[in-house]
Amino acid sequence: METTRTLGRTGIEVSALGFGCWAIGGEWQGTDGEPLGWGKVDDEESVRAVRRALDLGVTFFDTADTYGAGHSERVLGRALGKRRDDVVVATKWGNVFDEETRTRTGVDDSPAYARRALTASLRRLGTDHVDLYQLHISDADLDRAAELRDTSEEFVREGLIRAYAWSTDDPARAAVFAEGEHCTAVQHAINVLQDAPEMIALCEESNLASVNRSPLAMGLLTGKRRSGETLEAGDIRSRPPVWLQGFEAGSGADPEWLGRVDALRDVLTSGGRTLAQGALAWLWARSPRTVPIPGFRSVAQAEQNAGALEKGPLTAGQLTEVDRILGR
Ligand SMILES: NC(=O)c1ccc[n+]([C@@H]2O[C@H](COP(=O)([O-])OP(=O)(O)OC[C@H]3O[C@@H](n4cnc5c(N)ncnc54)[C@H](OP(=O)(O)O)[C@@H]3O)[C@@H](O)[C@H]2O)c1
């Protein structure tokens with residue numbers, strides 16, 4: 001397979017696999033104390049994992065200012081160091097947070113906040129520009145979004161960002177951003193268990209990249225999660241918010257979801273793939289526009305996920321087989 005893809009209409013080239021930097025932000029929380037991170041992390045291991053990914057040809061990294069209340073951006077900036085210009089860095093804005101207490105306190109959809117947030121992200125990342133700047137308020141008001149799209153165009157003219165996107169699962173919202181010349185992608189949830197046909201159609205019609213969050217269904221597609229397991233208290237999956245499907249409060253993975261993973265095991269692990277590699281291979285086969293960004297928190301996960309690149313996409317026949325198994 002081609003191990004690179006074009007990031008939508010701007011022609012920015014990225015490795016066909018990006019790395020998602022949510023988990024490496026470490027612990028942070030909402031105002032009711034609910035966990036918003038993935039539990040504790042070891043920053044030195046995160047740095048080694050990013051550097052290993054670079055060595056294995058990964059050139060695309062997705063983070064957000066709010067992950068770990070600024071910590072993920074700092075760790076990513078440190079890990080990239082002098083190699084910053086060899087990669088495409090994506091981050092996000094829209095959430096307001098307190099870096100001291102590591103608490104997300106709300107959202108701000110104003111253009112003035114967007115500028116303040118961008119300035120702060122550049123400082124934490126240790127760079128003078130963001131390659132892909134993404135609106136992180138998935139359900140933002142449409143009129144406000146049109147204003148923020150124009151603000152993003154200003155940032156492009158000023159050389160502060162190269163392109164922008166909306167992180168949303170709503171194709172109608174993504175279409176509003178797509179009217180902007182330098183809007184080049186939408187970031188949305190899609191994985192072999194949760195297809196997103198309308199969003200893929202929009203990306204194909206509007207020449208946008210489909211940046212795939214939760215490509216491993218937040219760990220369900222790694223084969224590691226169990227029903228009845230106790231996840232760490234700081235792990236968002238221990239107290240899943242309504243949008244997080246496939247996990248039950250206090251009792252780990254939903255058995256019904258695990259049953260579907262089991263049913264897919266043979267097709268996904270074809271060609272010597274691990275289950276996680278098979279889940280990424282499904283996404284590459286789904287459309288030439290997809291760029292999965294699996295999360296990671298160790299060198300071993302980085303190696304396994306980057307190793308999916310050389311194994312390439314599933315075949316068209318295997319895609320049909322997946323749909324048959326899932327009754328789609
Ligand atoms: N609203 C938004 O914009 C939004 C929302 C969600 C995510 N995202 C982005 O999308 C990225 C990825 O999505 P996600 O974090 O939801 O989840 P994901 O990529 O579906 O799952 C990642 C998790 O799976 C486990 N894992 C990864 N590789 C593995 C491997 N090879 N073997 C075993 N386990 C492995 C790790 O967790 P454990 O080791 O703990 O099992 C890892 O944190 C995020 O990092 C973030 O950049 C954006």
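I count a residue as near a molecule or strand if its C-beta atom, placed from the backbone, lies within 6 Å of it. With that, I looked up the ligand: 29 residues surround it, the closest being G20, W22, R213, L216 and G295.

Ground rules next. I number residues from 1 along each chain as its sequence is written. The model is predicted: local features need pLDDT of at least 70, side-chain atom pairs count only at pLDDT 80 or more, and totals for chains, interfaces and linings use all residues.

Ligand shell. I sorted its residues into 12 nonpolar, 12 polar and five charged. Here Ala, Val, Leu, Ile, Met, Phe, Trp, Tyr, Cys and Pro are nonpolar, Asp, Glu, Lys and Arg charged, and the others, Gly among them, polar. Helix 9 (residues 299-306) gives the most to this shell, three residues.

Whole chain. I found 11 helices and 14 strands. These are DSSP runs numbered from the N terminus: helices are H or I, at least four residues, and strands are E, at least two. The C-alpha trace spans about 50 × 40 × 40 Å along its principal axes.

I traced an open sheet of eight strands, order 3-4-5-8-9-10-11-14, with parallel pairing. Two strands pair if DSSP finds at least two bridges between them. Strand 3 (19-20) and strand 14 (290-292) are the edges, each pairing on one side only. Strand 9 (residues 161-167) runs parallel to strand 10 (residues 183-189), joined by four bridges. I checked W166: its bridge partner in strand 10 is V186.

Packing. Contact means C-beta atoms, placed from the backbone, within 7 Å. Axes are lines fitted to C-alpha atoms, for helices over the stretch in contact; angles run from 0 to 180 degrees between N-to-C directions. I see helix 4 (residues 142-157) packing on the sheet and touching strand 8, strand 9 and strand 10. Its direction makes about 160 degrees with that of strand 9.

Terms used:
Contact = placed C-beta atoms within 7 Å.
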